[in-house]
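Here is a short briefing to read alongside the structure. Have the viewer open, and let's walk through a few spots together.

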Amino acid sequence: MVEANKEYVIDVKAIEDSQVINDDVKEFEPSLSDDVKEFEPSLEDIFIVLQNGDYQRLIFQNQELRDREEEHLEDFRSFLKAKKLTLPEGYDDEQKEVLRFLQGTKWDYQLTYDEIVEHNEWKKTIRQMDTAPFAKYLHEGVLYGYKRDNSERPIIVINCRKLIDTQVSLDDLTAMSQYYLQFVIDRCMVPGHVENWLAVFDMRDVGVTEVPKDKLKGLVAAMQKNFRGRLYKFYSIDVTYVVKVLWQTAHRFVDDFTNRKLLIYGDDYQQDLHKDIDVENLEEKYGGKLPNKTENFWPPQFS
């Protein structure tokens with residue numbers, strides 16, 4: 001359960017320290033409504049639970065840990081002590097970042113340590129990133145945040161048609177996505193209550209030969225590595241029949257937790273999407289009641 005009256009922290013200084021887009025966001029207010037700040041997650045918000053009883057945690061801070069998690073944490077600390085290894089600060093504390101990595105590496109202790117060290121070095125660069133190369137893509141809406149789902153998770157939309165038409169490079173796309181997602185974590189989450197996002201990958205008007213496979217593969221890989229345990233669901237929508245069949249084939253080779261998160265649809269997505277997002281918080285093109293967004297894509301507008 002979430003501890004009562006536990007204060008949440010938004011790392012404002014970390015974002016204000018960033019270099020170029022700072023002029024756009026230094027006056028940005030998180031606009032966290034009382035509904036967001038006071039949201040109490042259900043068991044389904046905190047865990048993905050499979051039919052066999054196995055589970056994957058989604059919310060980490062200020063939560064009671066299960067026996068398996070406690071045991072792995074203690075065993076990992078013993079592993080570090082035996083190997084004379086020390087974690088960087090900010091991982092094994094009340095935020096439970098270390099548990100995100102343990103779970104993400106399927107409890108591989110050496111890999112967890114290696115990834116945390118690498119992640120710590122990455123964190124030093126992400127908030128001091130030169131954002132000039134990809135600022136225009138944020139303003140054009142290649143990637144944008146708009147409203148929240150039924151459990152107050154930020155909704156992030158990736159427009160594949162714009163991704164193609166703007167000819168954004170893989171390096172700029174990856175850097176932009178990482179900067180954006182870290183911004184959302186720092187400014188738009190409530191630890192212990194709201195710690196995940198829901199993504200909509202819009203492939204409307206994208207032909208099968210146009211799908212930028214290398215960019216998408218690199219983007220997903222970077223997101224998985226640096227944002228452990230942050231994705232709730234990833235809706236790929238308006239996908240062509242051929243791509244849908246290929247993805248359904250690939251589903252056989254990924255674990256059950258990934259299959260629960262990565263969802264692929266043709267034009268038949270609205271019924272399922274509306275179970276997660278109220279139509280009042282969706283654009284008309286997704287079967288919602290909001291006008292389609294055509295401007296002011298950055299900074300995100302989750303309220």
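In this predicted model, the side chain of Arg161 comes to 2.8 Å from the backbone oxygen of Asp205.

- Arg161 sits in helix H9, which runs over residues 160-165.
- Its relative accessible area is 18%, so Arg161 counts as buried, the cut-off being under 20%.
- Leaving aside residues up to four places away in sequence, Arg161 touches Asp202, Arg204, Asp205, Val206 and Glu210.

**Helix H5: length and end**
- Helix H5 takes in residues 67-83, and at 1.5 Å a residue its 17 residues should span 24 Å.
- The end C-alpha atoms of H5 are 24 Å apart, which agrees with that expectation.
- Just after H5, Lys84 adopts a positive phi of about 55°.

- Glu69, His72, Leu73, Phe76, Phe79 and Leu80 are the buried residues of H5.
- They lie on the same side of H5, because they cover an arc of only 125° around the axis.
- An α-helix has 3.6 residues a turn, so residues three or four places apart point the same way.
- What do the buried residues of H5 pack against? Their partners are strand E1 (47-49), strand E2 (55-57), helix H6 (97-104) and helix H7 (109-126).
- Asp67, Glu71, Lys81 and Ala82 are exposed on the other side of H5.

How values were computed. Residues numbered from 1 in each chain as written. Predicted model: local features only at pLDDT ≥ 70, side-chain atom pairs only at ≥ 80, totals over all residues. Heavy atoms only, no water. Helix = DSSP H or I, 4+ residues; strand = E, 2+ residues; numbered from the N terminus. Expected span 1.5 Å × (residues − 1). Buried < 20%, exposed > 50% of the residue type's maximum accessible area, 1.4 Å probe, protein only. Arc of directions from axis to C-beta. Contact = heavy atoms within 4.5 Å. Polar contact = N/O pair within 3.5 Å; in protein donor to acceptor, adjacent residues only side chain to side chain.
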